[in-house]
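Keep the structure in view as you read.

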Amino acid sequence: MKTFILTIFFCLCTCFVQAQAWQQLYQKADSLRQKRDFETAFPLFEQALPLAEKEYGKASENYLKTCDGLGTCMSDKVQAEVHLNESLELSAKLNKKSTIHIALLTSLAACHATRGNYSKAEPLYRECVGLSQEVLGTKHTTYAFSLLYLGAINKEMGRYTEAESLYKQSVEVFVELLGKKHTNYALVLNTLADLYLEIGQYALAEPLYKEVLQICKEVLGEKHHLYAASLNNLAVLQKEKGNYAIAEPLYKTSLDIKKATLGAKDLDYATSLGNLGTLYTDMGIYDAAEQMTSQAVQIIKEGLGSNHPYYARWVENLAAIQRLKGDYKTAESMYREAIVILKNILGISHTGYATCLGNLAELYCSAGQYALAESMYQEVLDTQTKSLGKEHPHTINSLQIIADLYCDMGNHALSVPMQLEILEQRRTIQSENRQDFIGSMVNLSSQYQILKQYDKALPLIKKACSLSKDMIAKNFSFLSEKEKADYYKSQIEEGFNKFNAFAITQTDLNAELYDQQLFSKGILLNTSQKMKSRILNSKDSSLIATYNQWTNLRFALAKYAQMEKAMLEATKVNLDSLENLANSLEKELARQSEAFASITDNKVPTWQDVQKLLKKNQAAIELVRINKFGIAKTVIDTSAQKVNGKFPEYKVHGLTDTIYYAALIITAKSKTPELVLLKNGNDLEMLYATYQKNAIAFQEEDTSSYQQFWQPI
């Protein structure tokens with residue numbers, strides 16, 4: 001009898017130990033899964049599964065819970081789908097109306113969504129909503145999450161109205177159950193803000209993002225990856241609004257937190273890298289953009305594989321950078337890779353496919369293959385109009401591209417009404433304080449110049465220049481010297497140059513031309529001097545020490561740059577590392593010194609300010625180098641059908657390589673600057689400049705330089 005009792009006791013102990021072992025393994029694995037550490041969680045779930053089967057049997061919730069955890073952590077998503085389908089079949093036999101069955105449905109739907117199989121994921125999520133409502137009721141977090149997931153998949157499929165409705169329903173449930181200081185409430189609020197951002201409703205998105213950030217800060221702290229994600233999302237919004245100075249530090253802080261908490265192989269970290277690259281692309285800093293985006297693409301490829309829509313999206317972004325850098329061959333290859341993925345997985349009616357096709361069309365347009373580009377653009381516009389509506393930013397951008405193409409093809413009867421519609425849409429839906437709005441104004445102004453409708457062209461180009469100056473005032477102070485030059489060249493210079501080319505054809509724009517030149521010189525030359533003055537006068541010992549470190553580093557870099565290659569290699573100096581350090585220090589100095597700016601620092605000088613400094617017998621002369629506006633190139637479209645044995649030929653207008661020099665002269669008595677136009681700029685820069693240099697070098701009498709350069713003035 002004693003032996004029998006001992007045997008029973010031993011068996012009970014063994015069962016208890018096995019159950020305890022499963023519970024410990026499962027809890028540890030599930031905790032890692034919640035932290036997104038799937039790689040570490042997966043083997044623990046593998047160990048827990050046979051323990052659950054042995055102790056509880058396959059007809060148990062604990063076994064199915066372990067199956068669910070194992071499936072969600074599998075890196076091979078095809079294998080995960082098979083595993084989860086088998087688990088669902090078992091669950092359905094036991095009790096289809098159970099919480100674990102809903103969990104398995106959700107995991108399988110997420111698995112399909114991760115692979116981009118949205119058409120398979122959507123009905124599963126819809127089934128989850130119905131089951132959770134039936135089993136748990138509408139006042140339960142599982143029901144709220146099911147609404148959230150269904151909304152997310154509808155957003156991915158371009159069904160924005162349904163997505164918004166589902167998100168709002170989810171918000172209401174979470175508020176009632178958890179209150180407004182809970183991370184789950186913050187999560188669904190963030191997804192609603194993401195939706196508004198995607199459809200261009202920035203005024204609705206911003207307060208939501210800020211509320212999410214505050215919740216994460218209070219509940220989780222500033223070192224949590226969800227707080228970092230909130231920073232990243234707010235940075236995306238600021239970038240879209242054109243606030244680059246605000247966006248960059250938000251991106252960088254988010255990136256640092258994600259790297260520390262999630263690691264440098266996490267998809268969220270890759271997203272932040274790519275987003276920072278997108279910011280640099282918008283700012284025209286293409287080398288930094290390429291570096292960030294390439295890293296993001298590699299991480300995403302390792303995490304999701306090379307046949308996923310998210311991978312295709314970032315390959316597309318990398319292609320755009322190559323196009324902007326002029327490497328059309330590489331860009332075309334990347335665009336085509338992305339298009340194949342998106343077409344196979346999302347289908348030709350999806351906006352993601354349409355957008356990528358439009359980018360490839362833009363590449364063909366740049367290469368002069370107008371007919372091929374036009375047919376692609378029209379397909380893109382039709383798809384986006386049906387999926388997103390006429391007022392979506394993507395649709396407007398596509399319309400802008402087609403309008404510009406028609407202008408280049410000389411079809412102004414089509415182009416001008418389209419340009420006017422675009423301007424009104426951008427002004428109403430987005431805002432005037434955006435680079436794309438400014439670009440639209442410059443494009444329409446140029447078109448009116450081609451048509452010789454100067455009275456319509458003038459107010460547009462003047463307004464565009466004024467808005468560009470506002471953009472510079474907003475963003476320039478935090479940039480390094482190189483970044484200022486890059487930003488000016490990529491975002492501002494063309495509009496200013498087109499104004500200059502227009503001004504010399506008119507009789508009453510000399511004052512504006514003079515002031516524009518003062519502004520252009522000032523933004524690139526004076527900012528550093530202002531920064532130095534503020535820092536040295538601040539009496540901030542730490543700030544001054546950082547400034548001295550930066551100047552010493554810049555001096556060292558200049559010294560190394562003069563060395564022979566062999567000598568530089570012998571020093572074992574990493575120039576890239578030093579340059580990055582100097583760049584970071586400089587930007588930090590720019591940010592800190594901005595606090596010492598006075599109101600007078602922001603005053604833009606005018607020609608009248610210069611005039612006040614002139615004595616009775618003095619004159620001030622500004623020389624402006626101008627590219628003449630006219631026929632910039634002739635395009636022979638080999639992608640079109642021949643007419644009478646010839647391909648179509650188009651005279652494309654723009655800034656030409658014909659150089660003028662405008663000398664703007666003021667004296668103490670001038671009522672407006674006087675213009676002297678030197679139309680032989682190409683000869684001055686090549687022929688006569690060479691002659692002058694040779695005359696100096698060989699100490700010969702110079703008999704023509706005065707007549708060519710100064711006599712007209």
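Q: In which loop is K452 found?
A: This is a predicted model, where local features need pLDDT of at least 70, side-chain atom pairs count only at pLDDT 80 or more, and totals for chains, interfaces and linings use all residues. Residues are numbered from 1 along each chain as its sequence is written, and side-chain values use heavy atoms, with hydrogens and water left out. Helices (H or I, at least four residues) and strands (E, at least two) are DSSP runs, numbered from the N terminus. K452 sits in the loop between α21 (435-450) and α22 (454-475).

Q: Is K452 buried or exposed?
A: Buried means under 20% relative accessible area, exposed over 50%, and partly exposed in between, using a 1.4 Å probe and protein chains only. K452 has a relative accessibility of 60%, so K452 counts as exposed.

Q: What is the phi of N644, and where does N644 lie?
A: N644 is not a glycine, yet its phi is positive, at about 55°. With a relative accessible area of 78%, N644 is exposed. Its place is the loop between β1 (619-636) and β2 (649-667).

Q: How many helices and strands does the protein chain have?
A: The C-alpha atoms fill a box of roughly 130 × 70 × 55 Å, taken along the principal axes. Buried residues make up 46% of the 713 residues in the chain. The count for the protein chain is 30 helices and 3 strands.

Q: Among contacts between residues at least 6 apart in sequence, what share joins residues at least 24 apart?
A: Contact means heavy atoms within 4.5 Å. Take the contacts in the protein chain between residues at least 6 apart in sequence. The share that joins residues at least 24 apart is 61%.

Q: Which residues have the most contacts inside the largest nonpolar core?
A: A nonpolar core is a set of buried Ala, Val, Leu, Ile, Met, Phe, Trp, Tyr and Cys residues joined through side-chain atoms within 4.5 Å. In soluble globular proteins, nonpolar side chains tend to be buried together. The largest core here has 182 residues. Those with the most contacts inside it are Y335 and Y487.

Q: Which residues does Y335 contact, leaving aside its neighbours within four places in sequence?
A: Set aside the neighbours of Y335 within four places in sequence. The contacts of Y335 are then E316, A319, A320, R323, C356, N359, L360 and L363.

Q: At what angle do α5 and α6 pack?
A: Axes are lines fitted to C-alpha atoms, for helices over the stretch in contact, and angles run from 0 to 180 degrees between N-to-C directions. The axes of α5 (residues 99-114) and α6 (residues 118-136) are 8 Å apart. Their packing angle is about 160°.

Q: How is α5 oriented relative to α6?
A: Angles under 35 degrees count as roughly parallel, over 145 as roughly antiparallel, 65 to 115 as roughly perpendicular and the rest as oblique. The angle is about 160°. Therefore α5 and α6 are roughly antiparallel.

Q: By class, which residues make up the contact of α5 with α6?
A: Ala, Val, Leu, Ile, Met, Phe, Trp, Tyr, Cys and Pro count as nonpolar, Asp, Glu, Lys and Arg as charged, and the others, Gly among them, as polar. In α5, the residues that meet α6 include I102, L105 and L108. In α6, those that meet α5 include L124, Y125 and L131. The contact has 14 nonpolar, 5 polar and 2 charged residues.

Q: Where is T271, and which residues does T271 contact beyond its neighbours within four places in sequence?
A: T271 is found in helix α13 (residues 267-282). T271 has a relative accessible area of 15%, so T271 is buried. Beyond neighbours within four places in sequence, its contacts are Y310 and W314.

Q: How do the residues of the contact of α13 with α15 divide?
A: The axes of α13 and helix α15 (residues 309-324) come within 11 Å and cross at roughly 25°, which means α13 is roughly parallel to α15. On the α13 side, T271, G274, N275, T278 and T281 make the contact. On the α15 side are Y310, R313, W314, N317, I321 and L324. The residues divide into 4 nonpolar, 6 polar and 1 charged.

Q: Which residues does H392 touch, not counting residues up to four places away in sequence?
A: H392 lies in the loop between α18 (370-388) and α19 (393-408). Its relative accessible area is 3%, so H392 is buried. Not counting residues up to four places away in sequence, H392 touches E198 and I199.
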